[in-house]
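Here are my notes on the model, point by point. Please read them with the structure open.

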Amino acid sequence: MKTWLQKLDREYGFQLTEAEMDRILNEVTAAEPLFEQLNAVDVRGKTPFVRLDVKGPKK
Amino acid sequence: MTESELENLTIAESSERIKSGELSPVELTDLFLQRIARLNRSVNAYTTVLADSARAEAKVAEQEIRSGNYRSVLHGIPISIKDNLATIGVPTTGGSKILADWKPDFDATVVAKLKAAGVITLGKTNMHEWALGGTTINPFFGTTRNPWDLARVPGGSSGGSAAAVAAAMCLASIGTDSAGSVRNPAAMCGIVGLKPTYGRVSCFGGVPGTGAYSTNHFGVLTRTVKDCALVLQEIAGYDPKDPLSAAEPTDVYSAKIGREIGYLKAGLIGSYYDKLMFGKVEQIFAAALRQLELLGIKTEQLSIPHMDLAPAVHTVVSRAELVSDHDHYLRTRARDYSPELLYRHIHALMFPAGSYVTAQRVRRLLAEEFERAFERVDVIVTPVSIPAPKIEECGRGVTDVDGEKVSLRDARGSTWGLSTVPFNVTGHPAISVCCGFTGAGQPVGLQIVGRPFEESTVLQVAARYEEAAGWYRRKPQLSGIG
């Protein structure tokens, strides 16, 4: 992850300090469960949601 | 008109008086401008006050009405606009340093529609930086303060809009809601905030990067539900300039206000929302449910199996979409973001591309689960759960709700967003209406959610509740300020 962040830092010219990189990497670590939760869902047969179905159920 | 009368004025009442000639738009505008001059130094609801143009607009409105050219119920009504909606020739900052000097050469569609309806624009309201946060503690334009307690935030990101309405510094405001940014500040300021169905109101002219493409909505903040319906009427509808706007026909949004609601059924999602109520909020929400039941509504617990994933879906989808909008400025003006927001965007640049699509597929599951739920009920009711924190609590990340310590953030985002983001994920219309006050005197919101494009039912239920509960009659005390 740190190598990837350093690459982004060079590409975008952020000039991040070591402390800033550590903070961002901490956020990356903290967010890992979000991705794990989503990846654990069986989404076979589900197309990505693009917009609300305007023909949704009405009584 | 006295200040006390101004504090209690609604669009519904004032429009009738304006139409009959009893109330002058020029005098009304002057009264609001005087009140803004007295209060804005303390509340900081406005970033730009348009005193001269507002007076000029009011004179034109008055002449038009006198000559029989009454345009709409909003003719001569003083309102405000959040500072991320383009307004021709007027600063439109998005709450950012980067756009501090931008004066658009066009109006957002909503602004153009409101001008055509004859409103008086009093000014642009303060907001969270790039609309990406819920406090309206803005490092460049200052902190907006909550009219109920100036030591507290008004919520956000449309915090200036909510504070301006609550403090009677305008009769209505237009905000934007990508994660709860209309409903949360409305709840924290004790007013009404509506996020319509996704696509119901054009988002053309919204500052890019102040709301994710697939979760953002323009919304309405007012003192009463009826006023909310009157404003929605003027701004709803398809817009060819916004490819994401909906072609579904509009409704007469005030038509069902005042009607009985006893034939309707409300769904509850206790498995999700029970964990989000702290301090007296649980009692306040329970009392609101009892009030709805007294009005004849039946309630039913609903099962939304993937509900707990709604915040994760929102975080992944919205941050990925937003960082795309910010790419240019991240490459050219990265240090003109607040550090917190810069780090958040850099983190989003590291999201795996596949995770965005996975989140959108989980989003489909959620949408289907809500579609099934709405076959059983007419509306869903929830709390808008976190009352306004103190300003210094936002820095510490922990607030006190009636003696209970509540963390304001976790990996899913802000705690207050947890109540509202599910309906940014699904796009359903949702309103917040005041349902009581905490022990510290802070307002709490009741969220009423409807089927797609059934804003009329949402407004009908909200209006009946509002009238029966009567919380809207309570006003913040601002007489000693300024």
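1. Helices and strands here are DSSP runs, numbered from the N terminus: helices are H or I with at least four residues, strands E with at least two. In chain B, the loop between β5 (142-143) and α6 (159-166) holds S157(B). The peptide bond leading from G156(B) into S157(B) is cis, with omega near 10°.

2. A word on the basis. This is a predicted model, in which local features need pLDDT of at least 70, side-chain atom pairs count only at pLDDT 80 or more, and totals for chains, interfaces and linings use all residues. Residues are numbered from 1 along each chain as its sequence is written, chains are lettered from A and ligands numbered from 1 in the order in which they are written, and side-chain values use heavy atoms, leaving out hydrogens and water.

3. Next, backbone angles. Most residues other than glycine have a negative phi, and most peptide bonds are trans. Q15(A) has a positive phi, near 60°, and is not a glycine. Q15(A) sits in the loop between α1 (2-12) and α2 (18-39) of chain A. Its relative accessibility is 68%, so Q15(A) counts as exposed (buried is under 20% relative accessible area, exposed over 50%, partly exposed in between, with a 1.4 Å probe and protein chains only).

4. F453(B) is not a glycine either, yet its phi is positive, about 65°. The residue lies in the chain B loop between β17 (443-450) and α17 (455-469). Is F453(B) buried or exposed? At 6% relative accessibility, F453(B) is buried.

5. Now a helix pair in chain B. Helix α11 (residues 310-332) and helix α12 (residues 339-349) of chain B pack at about 110°, with axes 9 Å apart. That makes α11(B) roughly perpendicular to α12(B) (angles of 65 to 115 degrees; under 35 is roughly parallel, over 145 roughly antiparallel, the rest oblique). Contacts, meaning heavy atoms within 4.5 Å, include R319(B) and D327(B) in α11(B), and R344(B) and H347(B) in α12(B). The contact residues divide into 5 nonpolar, 3 polar and 3 charged.

6. Last, cysteines. How many disulfides does the structure hold over all chains? The count is 0, a disulfide being a pair of cysteine sulfur atoms within 2.5 Å. For C189(B), the nearest cysteine sulfur is that of C434(B), 11 Å away. C189(B) is buried, at 1% relative accessibility. The sulfur of C203(B) is 16 Å from the closest cysteine sulfur, in C228(B), too far for a bond. C203(B) is partly exposed, at 22% relative accessible area.

Conventions:
Axes fitted to C-alpha atoms, helices over the stretch in contact; angles between N-to-C directions. Nonpolar A, V, L, I, M, F, W, Y, C, P; charged D, E, K, R; others polar.
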